[in-house]
Amino acid sequence: MNDATRGTGGPGDGTRAVRAGLPEPVKHEPTLPGPVFAAHFHLPGDPTGPYTYGRDENPTWTLLERAIGELEGPGRDGVETLVFASGMAAISAVLFSQLRAGDAVVLPDDGYQALPLARAQLEAYGIEVRTAPTGGDAQLEVLDGAKLLWIETPSNPGLDVCDVRRLADAAHAQGALVAVDNTLATPLGQRPLELGADFAVASGTKQLTGHGDVLLGYVVGRDAEAMAAVRRWRKIVGAIPGPMEAWLAHRSIATLQLRVERQNATALRLAEALRERPEVTGLRYPGLPDDPSHKIASQQMRRYGCVVSFTLPSRERADGFLDALRLVDDATSFGGVRSTAERRGRWGGDAVPEGFVRFSVGAEDPEDLIADVLRALDATAG
């Protein structure tokens with residue numbers, strides 16, 4: 001886990017995050033211009049230029065897209081970024097813009113719980129959907145003849161990891177495109193484009209923005225034709241972010257490296273503490289040296305994420321544990337500065353035990369957070 005840009009002449013992650021997407025300084029103008037609220041723009045004569053109508057482009061999006069592109073594909077020419085109203089809007093844009101009736105797509109069977117909804121719609125459009133687990137690069141076994149390979153690594157919520165470069169090379173050898181859901185890792189954890197992917201897709205709702213107050217998604221791609229199709233899909237369905245959300249997201253990126261460093265370091269300490277508890281089973285965190293995913297994660301990730309998953313003996317024990325926590329909110333989503341946790345089985349969409357807990361580590365003092373977790377486990381031990 002190190003800053004891969006060091007030694008190559010590029011800035012470090014913190015420097016990049018605080019400067020990402022900023023316009024050239026203009027005297028008396030703000031460093032980061034405020035949100036542009038405009039449904040239309042002055043447009044005399046022929047409709048040329050970057051800003052014509054609010055569903056197509058917005059100056060606030062432009063700066064945010066530039067910032068995300070600088071994080072996901074630093075120093076890469078031809079990288080394009082598009083922001084969306086949510087992570088699912090971004091996911092759907094790639095899937096439905098790239099696939100046609102008769103095509104085949106490979107999805108993870110242990111990924112985000114909304115993927116089955118996307119699968120049902122894909123199949124309704126005559127697209128063949130194949131699935132396989134993330135771990136062990138199992139998607140390779142069902143790749144033959146596919147048009148698109150969808151990877152989620154680390155997977156949510158199980159935290160399995162696959163070899164992105166190996167999968168991307170295999171997919172490209174037979175003419176398939178590759179998309180990687182980079183939500184859990186963030187571009188400070190891994191850069192899918194550098195590992196061979198054609199698309200990096202993420203929910204900016206999570207750690208990228210980090211405050212639990214913005215719904216946002218993005219797609220970053222390196223193939224101009226493929227990205228033109230994604231852009232067209234965004235225009236057709238109108239899945240665009242509001243300018244205020246885009247501005248809040250850009251503002252939040254400035255603290256991304258600070259938040260990631262604190263949250264990831266505390267997540268490792270929490271995982272180490274949970275490893276000593278006899279009632280905890282199925283503990284997963286890619287940063288643990290004995291985690292099944294640690295070896296491959298260390299080869300392609302610079303940071304391991306802020307999410308820890310584990311299982312308590314029963315649904316009742318998990319619910320009691322969550323209720324006993326004082327510094328942790330019982331809430332879905334992850335990546336925020338305030339720690340959250342939930343029993344994932346309550347949603348019914350994940351193949352996890354009833355006592356499975358997804359824990360998102362926030363920016364609290366690690367000693368306070370770990371003490372709260374251990375106290376809650378002790379309080380529910382009876």
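Reply: Start at Glu-261, which lies in helix α8 (residues 256-275). Helices (H or I, at least four residues) and strands (E, at least two) are DSSP runs, numbered from the N terminus. The model is predicted: local features need pLDDT of at least 70 and side-chain atom pairs count only at pLDDT 80 or more, while totals for chains, interfaces and linings use all residues. Numbering starts from 1 along each chain as its sequence is written, and side-chain values use heavy atoms, with hydrogens and water left out.

Glu-261 is partly exposed, and its relative accessible area is 35%. Buried means under 20%, exposed over 50%, partly exposed in between (1.4 Å probe, protein chains only). Glu-261 and Ile-151 are 110 residues apart along the chain, and 25 Å separates their C-alpha atoms.

Now the helix beside it in the numbering. Helix α7 covers residues 243-253, and its buried residues are Pro-243, Ala-246, Leu-248, Ala-249, His-250, Ser-252 and Ile-253. These buried residues pack against α8, and also against α1 (13-19) and α2 (59-72). Contact means heavy atoms within 4.5 Å.

Next, the sheet. It is open, has 5 strands and shows mixed pairing; the order is β8-β9-β12-β11-β10. Strands pair if DSSP finds at least two bridges between them. β8 (281-284) and β10 stand at the edges. Each has a single partner strand, so one side of each is left without a neighbour in the sheet.

β8 pairs with strand β9 (residues 307-311) over 2 bridges, in the antiparallel sense. Opposite Arg-284 stands Ser-309 of β9. Helix α8 packs on this sheet and touches β8, β9 and β12. The directions of α8 and β9 make about 15° with each other. Axes are lines fitted to C-alpha atoms, for helices over the stretch in contact, and angles run from 0 to 180 degrees between N-to-C directions. Helix α10 packs on the sheet as well, touching β9, β10, β11 and β12. Its direction makes about 160° with that of β11.

Stay with β11 (residues 340-343). Both of its faces are covered. Thr-340 and Glu-342 are buried on one side, Ala-341 and Arg-343 on the other. Strand β10 (residues 329-330) runs parallel to β11, joined by 2 bridges. Asp-329 faces Thr-340 across that pairing. With strand β12 (residues 356-360), β11 pairs in the antiparallel sense over 4 bridges. There, Ala-341 stands opposite Phe-359.

Back to α10, which spans residues 315-324 and packs with helix α11 (residues 366-379). The angle between them is about 135°, and their axes lie 8 Å apart. α10 and α11 are therefore oblique to each other. Under 35 degrees counts as roughly parallel, over 145 as roughly antiparallel, 65 to 115 as roughly perpendicular and the rest as oblique. On the α10 side, Arg-317, Phe-321 and Ala-324 make the contact; on the α11 side, Val-373, Arg-375, Ala-376 and Leu-377 do.

One further strand pair, for the record. Strand β1 (residues 80-84) is mostly covered, with 4 of its 5 residues buried. β1 is joined to strand β7 (residues 217-221) by 5 bridges, and the two run antiparallel. Glu-80 has Gly-221 of β7 as its bridge partner.
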